[in-house]
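Dear colleague,

I am handing over the structure we spoke about, and my notes on it follow directly below. Please read them with the coordinates open beside you.

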Amino acid sequence: MDPLDGIAAFARVVDSGSFSAAAHRLGLSKSAVSAHVQRLEQRLGVRLLNRTTRRLSMTEAGAAYYRHCTRILAEAEAAEQEASALQREPRGTLRISAPDSFGWMHVAPAVPEFLRRYPDLSIDIALSPAHVSLVDEGLDLAIRIGALEDSPLVVRKLAPSRLVACAAPAYLDKHGVPREPGDLARHNCLFTSLCLGAMNGALPVKLAR
């Protein structure tokens, strides 16, 4: 049994003054509410309510326990409301990891509009060519380019990605035109994915409204 079920049943019985009224408030049968309270008393090893055919009253232990129950239920309700509010309207800090060149070209330009849309949110972006661990680094989201290894993380494809080899006409006149991918090993190549990372390593960027 969920301990909160017994706590809620007991508190509603006290608030309502009867098992029938408590059952109506909780959307349960009278017998279900009575069973919840009985199991709660058995688990605690004390009697919480004195029951007669005409009157229902708390024992001394029940009165003390009820004071704690009201605080517990209030905290549980507040927690549910806060969690629901976060689901409806994002807030807090969103920590993102992305490849450096891709991050500068595509992620960073989208941030201002994203923050205007969600003013209670701030963004912490780490731009790096390295694949860091989301769990170890405390990240919420990582953008990766290429095939991913098997992972328990939730993965969603954003868009296709293509690599294109380009060269200046003067370079091709001097060094020749590669005919197949293997020919690139004999050419002077500059890979954009390494440009920023090779100079500075990871580049943390913190953005907030």
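This is a predicted model: local features need pLDDT of at least 70, side-chain atom pairs count only at pLDDT 80 or more; totals for chains, interfaces and linings use all residues.

His 36 is buried, with a relative accessible area of 13%, where buried means under 20% relative accessible area, exposed over 50%, and partly exposed in between, computed with a 1.4 Å probe on protein chains only.

Residues are numbered from 1 along each chain as its sequence is written, and side-chain values use heavy atoms, with hydrogens and water left out.

As for the chain as a whole, its secondary structure comes to nine helices and six strands; helices (H or I, at least four residues) and strands (E, at least two) are DSSP runs, numbered from the N terminus. Of the 209 residues of the chain, 25% count as buried. Among contacts between residues at least 6 apart in sequence, 62% join residues at least 24 apart, contact meaning heavy atoms within 4.5 Å.

The helix pair that I looked at is α2 and α3. The axes of helix α2 (residues 19-26) and helix α3 (residues 30-44) come within 8 Å and cross at roughly 100°, which makes α2 roughly perpendicular to α3. Here the axes are lines fitted to C-alpha atoms, for helices over the stretch in contact, and angles run from 0 to 180 degrees between N-to-C directions; angles under 35 degrees count as roughly parallel, over 145 as roughly antiparallel, 65 to 115 as roughly perpendicular and the rest as oblique. On the α2 side the contact is made by Phe 19, Ser 20, Ala 22, Ala 23 and Leu 26, which meet Lys 30, Val 33, Ser 34 and Val 37 in α3. The residues of this contact divide into six nonpolar, two polar and one charged, with Ala, Val, Leu, Ile, Met, Phe, Trp, Tyr, Cys and Pro counted as nonpolar, Asp, Glu, Lys and Arg as charged, and the others, Gly among them, as polar.

Phe 19, found in helix α2, counts as buried at 11% relative accessibility. Leaving aside neighbours within four places in sequence, Phe 19 is in contact with Val 13, Lys 30, Val 33, Ser 34, Val 37, Leu 49, Arg 51 and Leu 56. The C-alpha atoms of Phe 19 and Leu 56 are separated by 9.1 Å, and these two residues are 37 apart along the chain.

Thr 59 is found in the loop between β2 (56-58) and α4 (60-88) and is likewise buried, with a relative accessible area of 13%. With neighbours within four places in sequence again left out, Thr 59 is in contact with Arg 47, Leu 48, Leu 49 and Asn 50.

How many salt bridges does a search of the whole structure find? The search finds four, a salt bridge being a side-chain nitrogen of Lys or Arg within 4 Å of a carboxyl oxygen of Asp or Glu. Three of them are described here:

- Arg 12 and Asp 15 meet through their side chains at 3.2 Å, N to O; both lie in helix α1 (residues 3-16), three residues apart, about one turn of the helix. Arg 12 is partly exposed at 23%, and Asp 15 is partly exposed at 37%.
- Glu 41 and Arg 51 form a salt bridge of 3.2 Å, N to O. Glu 41 lies in helix α3 and Arg 51 in strand β1 (residues 49-51), so the pair ties together parts that are ten residues apart in sequence. Glu 41 counts as buried at 10%, whereas Arg 51 is partly exposed at 32%.
- Arg 186 and Asp 183 meet at 2.6 Å, N to O. Arg 186 is exposed, with a relative accessible area of 66%, whereas Asp 183 counts as buried at 13%.

Finally, the search of the whole structure finds zero disulfides, a disulfide being a pair of cysteine sulfur atoms within 2.5 Å. Cys 69 counts as buried at 0% relative accessibility, while Cys 166 counts as exposed at 69%.
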